[in-house]
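Okay, thanks for coming, everyone.

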Amino acid sequence: MLRPTGKQYVVTRPLYSEDAFADEHAKVRRQRKTTRHHVKDYFTWNSKRVKNAALSLLPIVGWMRIYRLKEWLLSDIVSGVSTGLVAVLQGLAYALLASLPAWYGLFTAFFPVIVYLFLGTSRHISVGAFPVLSLMVSAVVTRMVPDEGSLFNITGFQGLSIEEQRVMVAASVTFLMGLMQLAMGLLQIGFIVMYLSDTLVSGFTTAAAVHILVSQLKFVLGLEVRGLSGPLSIIYKIFVQIEKTNMCDLATSLVIMVVVFLVKELNDRYKAKLPVPIPVEVIMTVIACGISYAFDFKEKFKVDVVGHIPMGYESPVAPNMEIIGHTAVEAFPMAIVGFAVAFSVAKVYAVKHDYTIDGNQELIAFGASNIFGAAFKSFAASTALSRSAVQESTGGKTQIAGLISALIVMVVTLAIGFLLEPLPKSVLGAVVIVNLKGMLMQVCDVPYLWRRDRPDCVVWLVTCLASILLGLDLGLAVGLGAELITVVFRTQFPRCSVLANITGTDIYKDRKDYVSIYEPEGVKIFRIPSPIFFANIDFFRGKLVGFNPLRVLRKRNKAMRTIRKLLEKGELQMLPGYISIGPIEECEHYSNMEDLDKPIDFKDLPLRVNWNSDLPANIQVPRVDVHSLILDFSAVSFLDISALKGLKAAIKEFIWVEVEVYIVACDAHILEKLHSCMFFDEDIKSSMFFLTLHDAMLHVSEKHPVRSENTNVYTKQEGIPQSSNTFGGVRKQYHKYKCI
């Protein structure tokens, strides 16, 4: 019965063990489906399920039905034009980052966008080139086709220039990446991205930003650096020929970086007042392109420019299977990183604009986008935060804005691409470097992580350093390994605690954290804060009460043998603490060693031993001050077979040394598993399970009444035990307590 009284409540109910509660309260019997039923349901289709599947596979149908033409169309057009201009510029820049001719970035800004329009669930992300993926593509391309020419005997390379070979490699690895994403989406394993924590992604993208920054220095300085094999070697090769720096390239880059940086800061500061962000990158690119053409930078100052941009699109091609065989290892981390970044950005906008996204459908969308794009020689596509921010902040409502941006890219590709031919590559490098600000500033997270969560900080540092020194693919694997190790350590060595009753309540907290606590003599409450499995069961057994019950049992068995021999020889006198219960009977001498790890039957002895008193003949046995051990299972979510066996052995050992064990707040599924695995026997009874800690404590207090002079309430401020004979309002059968 519950009676609220102001800010207090009073509860009156019986004391419940799990058995008593099950006897009094009937459970609903649920019919659980078998594997056969699940398979049958999966292959059973009806009109409603077909409709839902179609809407799930083609999300465009869902949002087109609610499209507000008059309210949203103009916003989508404005957003699409702004995003398209940025996509053109970033496509050119990220193609160079991928070690490909610049105009192939325009293909990546067009073909994947068209497919994502129909299959994607996010309405705000801008699909296209992403600098981290471009860098990973560059690593594959330069490995397969270095500057000195291909080292692999690929049939499809015959008769092709180095640039054409690199385009074939990029398209093939992009096809394989898309195939992996599509397969993961169809198999419904989009949850795999959950294993990439925000900390790991932050460290990885920061390292990628360092790689990108270093790789763009050759464009900013106007140097020719061959054989890209890592940031340290690139820096070395740059400084070796630093005297060859093209001052026109350097000056142009510095001006572009300063102006773009300052205007971007103004955009961030006054974004509430500006109708749309100032497209400073586009403006500066147009100005730089015009100045380069007017003053003939290419001929007069030997500036490396974008050069000829072919009009139109190339015919579709099939992927090269030999290249796919050589790039499978690199394609998988590319598929994971591309999806993880896109999904994280999509989640931000989905929460902001109150709609849902489907991780598995996003995998299908990006997989199909990359497969389709690879057929037309585009490289790996995902999304970029800066480009998506432009699409959302300029008023984009749906992927119609993405379609408009793709049309802008198409116009540039088919009609006005020649206007970008005099554009210096140093301008593109400067734009890429300025856009790295957000990723590089993630370094500022390290001090915060170190103060708040050091294992997470270690994951960040390991991922970042490994990605810088070993490369992005191996660095990601090392970071994931470090992350899983921290998870293992957190679960294998959790922070256990001994609980105590908060005086006058039914609440139990860590005894180290509170001042006024109540601890009955001989009772220990141990809280287990994690799942119990094969890796941590021994850790918990060692932490339980501070002594080894098996060692105590062995000592007691040895002591009892010694006492038996003394009694047989007549050398033992009755001492205080020993109670004679009958005459000594003649017994057979034990010449064989008995198993000391199990309790031995000494019922034939005429006395009982008080193991906590002084024993005769200088017999030393460790004292056990605990008569009841309560295990709080409220945070235990699962128990595997190895842990079940270890728990059973531990409980038996405590019972053998006369320590009663109780388990409270055990999950119903764990309890069912214990019954099905024959956990209970003549020593371990189901009656040891109680609903709550307070139920178990009341049961213990009834079974082991504590005299008032031995019941202490400890006030840590004074350090003096105070006499008390109350404990949460104990009653013999019912318990009643009042809480503020």
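Let me start with a question: which backbone oxygen does the side chain of T463 reach? This is a predicted model, by the way, so keep that in mind. The answer is V459, whose backbone oxygen sits 2.7 Å from the T463 side chain.

So where are we in the chain? T463 is part of helix α22, which covers residues 454-470. And T463 is buried, because its relative accessible area is 0%, under the 20% cut-off. If you skip the neighbours within four places in sequence, T463 touches L200, G203 and F204, plus G475 and G479.

Okay, next up, a helix pair. Helix α7 runs over residues 111-119 and helix α16 over residues 359-375, and their axes come within 8 Å, crossing at roughly 150°. Anything over 145 degrees counts as roughly antiparallel, so that's what we call α7 and α16. The crossing of these two, α7 and α16, is right-handed.

Who's actually meeting whom? On the α7 side you've got F111, P112, V115, Y116 and L119. Across from them, α16 brings in Q361, E362, I364, A365, F366, A368, S369, F372 and G373. Sort the residues of that α7 and α16 contact by class and you get 10 nonpolar, three polar and one charged.

Last bit, zooming out to the whole chain. We have 28 helices and 16 strands, and 49% of the 740 residues count as buried. Also, of the contacts with a separation of 6 or more, 79% are between residues 24 or more positions apart.

Conventions. Residues numbered from 1 in each chain as written. Predicted model: local features only at pLDDT ≥ 70, side-chain atom pairs only at ≥ 80, totals over all residues. Heavy atoms only, no water. Helix = DSSP H or I, 4+ residues; strand = E, 2+ residues; numbered from the N terminus. Buried < 20%, exposed > 50% of the residue type's maximum accessible area, 1.4 Å probe, protein only. Polar contact = N/O pair within 3.5 Å; in protein donor to acceptor, adjacent residues only side chain to side chain. Contact = heavy atoms within 4.5 Å. Axes fitted to C-alpha atoms, helices over the stretch in contact; angles between N-to-C directions. Parallel < 35°, antiparallel > 145°, perpendicular 65-115°, else oblique. Left-handed = near helix turned anticlockwise from the far one by under 90°. Nonpolar A, V, L, I, M, F, W, Y, C, P; charged D, E, K, R; others polar.
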